[in-house]
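Biologist: I'd like to learn how to read a structure like this one. Could we look at it together?

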Amino acid sequence: MISVFELFKIGIGPSSSHTVGPMKAANAFAGGLVAAGILAEVSSVRVELFGSLAWTGRGHATDKAVILGLAGLQPETIDPDEAERLFVDLKQRHVLPLAGRHPVPFDPEVSVVFDGVAETPVHPNTLAFTAFDAGGAVVGHARWCSVGGGFVVPEEEVGRPQSDTSAVPFPFRSARELVAHTAAAGRSIAEIVYANELALRPAADVDLHLDRVFATMMLCVDRGLSSEGELPGGLAVRRRAKGLRDRLLAVAATNARPPHEIMEWVSLYAIAVNEENAAGGRVVTAPTNGAAGVVPAVLRYYRDHCGSDIAGVRAFLLTATAVGALFKLNASISGAEVGCQGEVGVACSMAAAGLAAALGGTPAQIENAAEIGMEHHLGMTCDPIGGLVQIPCIERNAFGAVKAITAASLALSGDGTHHVSLDRVIATMRQTGADMQSKYKETSLGGLAVNLTEC
């Protein structure tokens, strides 16, 4: 089982695998030095980034993330503005408050190594931490992998089961098992997931997290709709969400609404979130930061255009959790492993299932909506220009949100009967990702990332 607490994590942009995950790994390494009682022995620290982290780490602010993690900060609680001030101060003074309490010399240009040559035998998002004493001897070393969606595991544990399902009443590893549980227990998919969550923690904690995730998503949309200026990174991409919103409101004031107006709003919601993510703002991994705009956009559509209630919002998120967990367990949600089909594609599948559930769909219709959402993202590459989560990522979220609503609508118009099961499309996504050339999997070595100058 993968919990809603794991799949929907509150953090900062621009990337779950390249920012949130590395920050968590760095924080864990620093915490390990404290736990081992050797923090005082440390005189210097070196960080090495490999594979996709090396190739696109600068664009994803991975160096900043590991520095903040080593300083004892966590993505769930970090203040983005305070983090920026700490990072600027460290670059000027070259002093790192290791674990937030032990100052050591640290020059980001020297102490963070982007190694795009060394092999990554276990996972393409690999990073290593080494702590040295005053004599240069190694007193601490660890290698971690950021496996997508902000999940991190020690390198030696990659591939091992990360969740114990023995304690939950409805364990499932396939959509077939999940739907079977709903039939046998007479419960919805959301109720099945909720029962599993209650086996691990009190209902009040689960409800609080669901409501906090929803509120954070809506606040992120609001911030994106009101912010202007240029996104960081050097591509000179200007924020568009506020201007698009102003145009839609102006058209509405003339009573000359286009027939596709709602879809324009949905696209706008997704763009607003992903511009916030690209700017390093507070977002929710859903299931990743690069795909963080799809689920909030569809939730905003449900809230503002479908007459939502809190029960429907919770059902949406719990159902989306079930679908995201299936992709995480049986394939991947990492663009560095399977391309953008594992990020925007999975987000679309999750959002389609969540919306179908919130609108009263049956388990069969919900499974159909999730399958449709992924089926039409199969083979999507991850080729961010400049290693930045901006082009084409921001607009891809808009299209993913619109596709999710279409998928839910198609599924709800039928009785749930369909030819391709969700389990089969997940297996196909995994196989497609394995066949995809590595240059199309979050390396910025292929696709749009290298053809921009030729266009």
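Biologist: Leaving aside neighbours within four places in sequence, which residues is D383 in contact with?

Modeller: Contact means heavy atoms within 4.5 Å. By that rule, D383 is in contact with I391, P392, R396, G446, G447, L448 and A449. Please keep in mind that this is a predicted model, where local features need pLDDT of at least 70, side-chain atom pairs count only at pLDDT 80 or more, and totals for chains, interfaces and linings use all residues. Residues are numbered from 1 along each chain as its sequence is written, and side-chain values use heavy atoms, with hydrogens and water left out.

Biologist: What does the side chain of D383 reach, and at what distance?

Modeller: The D383 side chain reaches the backbone nitrogen of L448 at 3.0 Å.

Biologist: Is D383 buried or exposed?

Modeller: Buried means under 20% relative accessible area, exposed over 50%, and partly exposed in between, using a 1.4 Å probe and protein chains only. D383 has 5% relative accessibility, so it counts as buried. Across the protein chain, buried residues make up 56% of the 455 residues.

Biologist: And where is D383 placed?

Modeller: Helices (H or I, at least four residues) and strands (E, at least two) are DSSP runs, numbered from the N terminus. D383 is in the loop between helix 16 (363–375) and helix 17 (393–412). The protein chain has 19 helices and nine strands.

Biologist: How do I read contacts for the protein chain as a whole?

Modeller: Take the contacts between residues at least 6 apart in sequence: 76% of them join residues at least 24 apart.

Conventions. A polar contact is a pair of N or O atoms within 3.5 Å; within protein, one must be able to donate a hydrogen and the other to accept it, and residues adjacent in sequence count only if both atoms are side-chain atoms.
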